[in-house]
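Dear colleague,

Please find the structure below, handed over for your work.

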Amino acid sequence: MDRVLSGMQPSGYLHLGNLVGALQSWVKLQDDYECFYFVADWHALTTNFANPEMIKGYTEDLVLNFLAAGLDPEKCTMFVQSRILQHAEFHVLLSMITPLGWLERVPTYKEKKEEIGDRDIDSYGFLGYPVLQSADIMIYRARYVPVGIDQVPHLEITREICRRFNFIYKTGALVEPEPLLTQFPKVVGVDGRKMSKSYDNCIYLNDPAEVVEQKLKTMVTDPARKRRHDPGTPDLSPVFALHRIFSTTEQQEEVAEGCRTASIGCIDCKKILIDNIFRVLEPIWEKRKYYGANPSIIQDILETGTKKATAIAEETMQLVRSAMKFS
Ligand code: TRP
């Protein structure tokens, strides 16, 4: 079975966009691949080194969401990056063979730097972010890495570092990974922009039911449809954009038609959406509650995951050390 690996930074609470965009595809993959999923807590230091408490909190919540979304400890291996010290050893070694120019050219480096301009993030670790990510991936000799399109440049660097390593040390020890592009529709937030924690427009997986309902009830619709009897344009309504993700084709046709002819109001349209989103979130809330009340079960799952991950990471490091004459 081919190995799949992916990780998420604990840099905020997860929202519907993260669920549909990443977690749901992770869940699907666990049936067909040997999957490793982890919390990239060292990576979160690049932008938040001054807030370790926050990273700790988000890490715990992220593991809870992994399980709540349907990652099954019987089918996949879950762990926290900082528990597997081999990642750090591998990162040091890879950093020695990675040309600076490769890192300076990564688009996310330049963008993020401009985006977070006011915070002090211009660190050595921040530039080396893709090297650490390469270590995360190659230490498990993963063949596929499910990621969003924004991560493709990082995967490209990983592939280049892989080839360089194998060439310099005349080995075939490292496996060149490929991105598994997760195709999913862009999830809009309650203000109609892309759902993103920096826009404060998210529906979070840890929002209570009342909050989710309230957020959806007050969500922006087609701005031209001011009164109940005004006909609307579904494609201008962010609510309809969510219907496209969460509602059946029949329901989509029904609300679109109702909107165009003003035969249904925005409140009715939202009601259908709210029901459908609740149907997705309810099992997640239930599992969050169960695991939240049973932290020792989570500890056991992570313990098992750490052991399994460590065994493979150590195996790869033995190959790496020997290729580099450190054994
Ligand atoms: N950079 C990824 C992100 O921000 C997180 C990440 C860290 C990752 N290491 C990884 C993803 C290894 C896939 C594989 O989303």
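Glu 156, Arg 159, Arg 163 and Glu 176 are joined in a network of salt bridges, a salt bridge being a side-chain nitrogen of Lys or Arg within 4 Å of a carboxyl oxygen of Asp or Glu. By this rule the count is 18 salt bridges. The model is predicted: local features need pLDDT of at least 70, side-chain atom pairs count only at pLDDT 80 or more, and totals for chains, interfaces and linings use all residues. Residues are numbered from 1 along each chain as its sequence is written, and side-chain values use heavy atoms, with hydrogens and water left out.

Arg 3 forms a salt bridge with Glu 34, with 3.2 Å between the closest N and O atoms. This pair links distant parts of the chain, as Arg 3 belongs to strand 1 (residues 3–8) and Glu 34 to strand 2 (residues 34–39), 31 residues apart. Helices (H or I, at least four residues) and strands (E, at least two) are DSSP runs, numbered from the N terminus. Arg 3 is buried at 17% relative accessible area, while Glu 34 is partly exposed at 23%; buried means under 20%, exposed over 50% and partly exposed in between (1.4 Å probe, protein chains only).

Glu 315 forms a salt bridge with Arg 141, the closest N and O atoms being 2.7 Å apart. Glu 315 lies in helix 14 (residues 295–323) and Arg 141 in the loop between helix 8 (129–138) and strand 4, so the pair ties together parts that are 174 residues apart in sequence. Arg 244 is partly exposed at 48%, whereas Asp 235 is exposed at 59%.

Strand 4 (residues 144–147) pairs with strand 5 (residues 178–181) in the parallel sense over four bridges, where pairing requires that DSSP finds at least two bridges between the strands. Tyr 144 has Glu 178 in strand 5 as its bridge partner.

As to the ligand, His 43, Tyr 129, Gln 133, Asp 136 and Gln 151 come nearest among the 14 residues around it, that is, residues with a heavy atom within 4 Å. A ligand nitrogen atom is 2.7 Å from an N or O atom in the side chain of Tyr 129. For the side chain of Asp 136, the corresponding distance from a ligand nitrogen atom is 2.8 Å. Helix 8 gives the most to the shell around the ligand, with four residues.

Technical notes: Polar contact = N/O pair within 3.5 Å; in protein donor to acceptor, adjacent residues only side chain to side chain.
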